[in-house]
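Subject: Structure for your review

Dear colleague,

Please find below the structure that I am handing over to you. My notes on what was found in it follow directly after.

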Amino acid sequence: MNFSATPINTSGSMLTNARSVEKAAHTSGKEERGSMVMAARVASIKGPSSLTGSPASAYQTALAQLNAVADLLNLGKGLREHLAACKRELAVHFPVRMDDGQVRTFTGYRVQHNVARGPAKGGIRYHPAVDLDEVRALAMWMTWKCALVNIPFGGAKGGVEVDPRELSQGELERLTRRFATEISVVVGPEADIPAPDVGTDAQTMAWMMDTISMHRGYSIPGVVTGKPIPIGGTVGRAEATGRGIAVMAQEALAQAGGSIQGATVAIQGCGNVGYNAALSFQALGAKVVALSDRSGGVYRPEGLDVKAVGDCKGETGRCCDYAKATSISNPELLQLPVDILVPAAIEGQITALNADKVRAKLVVEGANGPTTSEADAILQERGISVVPDILANGGGVVVSYFEWVQDFSRYFWDLAQVNQSMERVLRQAFVEVATRAQEHRVTFRTAALMTAVSRVLEAIKIRGVYP
Ligand code: NAD
């Protein structure tokens, strides 16, 4: 199989309760993350500096990607600065009464990167490593993703600096309602529509929808997506991101003259995205040989029984307790000799420090920003193709868009219509990206970003936002 488009140098119901399973894990520990926040700020739009030797932050990666594409599109300084900046950044500090009677103050954010193409859209993350720069990066990627899959949304993201596994259900509800109230000044079905992300789920969205509806005095289902079906959610949303990842892998393999039948797959992350991707890969005939969560993973070269691993995780909270496979660490999983590697956990997992050890033929990015720009260049040099996050995990926001449309029209689709429509949108986006990659002899990531940024620029210009 040949995945490469001979790039030039461009370095510049499945498990819908995956998160409750996650919470059951309750393993402590904050994930390692380079504290590059200040470095990222001073890096401005120039992208990452490798002076410190630490892995680039998500924001540095996002800025470096934008800068590389801005070079290819010959953008002037003014437009670069406009696209690099987030339109609106809200930071909130709010009190929550804990079960023991103490009051804790939490910090959260809602950032809207760009709304030239429509209302802002993006998830809400509950994670101890959430900070303003991470949210900025994730908001920028949402702008590009929505433009790439050609849905009428801009990009946003939000989050609260908290480990949700340390909170009771009551504390989580109080935190969510207070946070929703704080950000309600910028949120609304025609302004900015949140959805679940790491550490949040359909229940979180139900509390947000209810809180904002209480403030306005009537029910507003379209204020969030990814909510439970009885209050205006859509069938197929919980599985959409994972399903889309498997479909994009299938397209990439087919384009390279291969087949997904029998292809081996290693997946990092066993939450909403990773677990549903694993089930979808299996349904398409691929062999999922490794799965992990933050506690570690399991490997079975003959193929895992994905559902059995999920059931085990449901019981003990950890994939690695599954007895019929070999235990492996997350770093080991990233280096397995497989056809397809799917990083589906958090950002910054494939870095300059481990990219030369990746042995997969194809990387399909389930998570947002799992590959740093430096690692991207190494993978490219080694002939390893990458289906970038803004394409690979776009199925989630596409079905969120369908949910929003259904909420407005008060008319709900069946599962076949949702799945078929999502797959059609993603396959169309893949064809556009692959065609551009071939025409310009660039990577899929560069082609995807060129398409997305061009669409945002077009909207900016037509609206007269930027002369
Ligand atoms: P989740 O909270 O449901 O699951 C995250 C998984 O990653 C868990 O299994 C967790 O244990 C694991 N994990 C966390 N830190 C890890 C680490 N350091 N090493 C290994 N595993 C680790 O979150 P999710 O909704 O599945 O989101 C995963 C990624 O996909 C995120 O980057 C998110 O932004 C992105 N994404 C999510 C959606 C969606 O619809 N939920 C859509 C597009 C992109």
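Two strands are taken to pair if DSSP finds at least two bridges between them, and helices (H or I, at least four residues) and strands (E, at least two) are DSSP runs numbered from the N terminus. The model is a predicted one: local features need pLDDT of at least 70, side-chain atom pairs count only at pLDDT 80 or more, and totals for chains, interfaces and linings use all residues. Residues are numbered from 1 along each chain as its sequence is written.

**The seven-stranded sheet**

Seven strands form an open sheet with mixed pairing, in the order S9-S8-S7-S6-S10-S11-S12. Its edge strands, S9 (326–328) and S12 (385–387), each pair on one side only. From one strand to the next the twist averages 20°, where axes are lines fitted to C-alpha atoms, for helices over the stretch in contact, and angles run from 0 to 180 degrees between N-to-C directions.

Strand S10 (residues 340–343) is joined to strand S6 (residues 264–268) by four bridges, and the two run parallel. Within this pairing, valine 265 has isoleucine 340 as its bridge partner, and alanine 266 stands opposite leucine 341. S10 also runs parallel to strand S11 (residues 362–364), with two bridges between them; here leucine 341 is opposite valine 363. Both faces of S10 are covered, with Ile340 and Val342 buried on one side and Leu341 and Pro343 buried on the other. A residue is called buried if 20 or more other C-beta atoms lie within 10 Å of its own, exposed if 12 or fewer, and partly exposed in between, with C-beta atoms placed from the backbone.

**The five-stranded sheet**

A further open sheet, of five strands, has the order S1-S2-S4-S3-S5 and mixed pairing. S1 (88–97) and S5 stand at its edges with a single partner strand each, so one side of each is left without a neighbour in the sheet. Direction ignored, neighbouring strands of this sheet are turned by 20° against each other on average. Helix H7 (residues 202–216) packs on the sheet, where it touches S3 and S5, and its direction makes about 150° with that of S5.

S1 runs antiparallel to strand S2 (residues 103–114), and ten bridges join them; glutamate 89 has valine 111 in S2 as its bridge partner. Strand S3 (residues 120–127) and S5 run parallel and are joined by five bridges, with glycine 122 opposite proline 194. Five of the five residues of S5 (residues 192–196) are buried, so this strand is largely enclosed by the rest of the structure.

**The nonpolar core**

A nonpolar core is a set of buried Ala, Val, Leu, Ile, Met, Phe, Trp, Tyr and Cys residues joined through C-beta atoms within 7 Å. The largest one has 141 residues, and the members that touch the most others are Met248, Ala249, Val265, Leu291, Val364 and Leu391. Helix H5 (residues 132–148) gives the largest share of this core, twelve residues. At least three residues come from each of domain 1 (86–219) and domain 2 (239–392), bounds that come from an automatic or database domain assignment. Leaving aside neighbours within four places in sequence, alanine 249 is in contact (C-beta atoms, placed from the backbone, within 7 Å) with Ile260, Ile340, Leu362, Val364 and Val387.

Helix H15 (residues 415–440) has 26 residues and reaches 37 Å from its first C-alpha to its last, close to the 38 Å expected at 1.5 Å a residue; the expected span is 1.5 Å times one less than the number of residues. Its buried residues include Val418, Met422, Leu426 and Phe430, and what covers the buried residues of H15 includes H5, H8 (237–255), H13 (389–392), H14 (395–409) and H16. Arginine 441, which follows H15, has a positive phi near 50°.

Glycine 464 follows H16 and has a positive phi near 80°.

**Two loop residues**

Most residues other than glycine have a negative phi. Asparagine 74, in the loop between H3 (58–72) and H4 (77–84), has a positive phi of about 55° and counts as exposed, with 7 C-beta neighbours inside 10 Å. Arginine 410, in the loop between H14 and H15, also has a positive phi of about 55° and is exposed, with 8 other C-beta atoms within 10 Å.

With kind regards

Methods: Contact = placed C-beta atoms within 7 Å.
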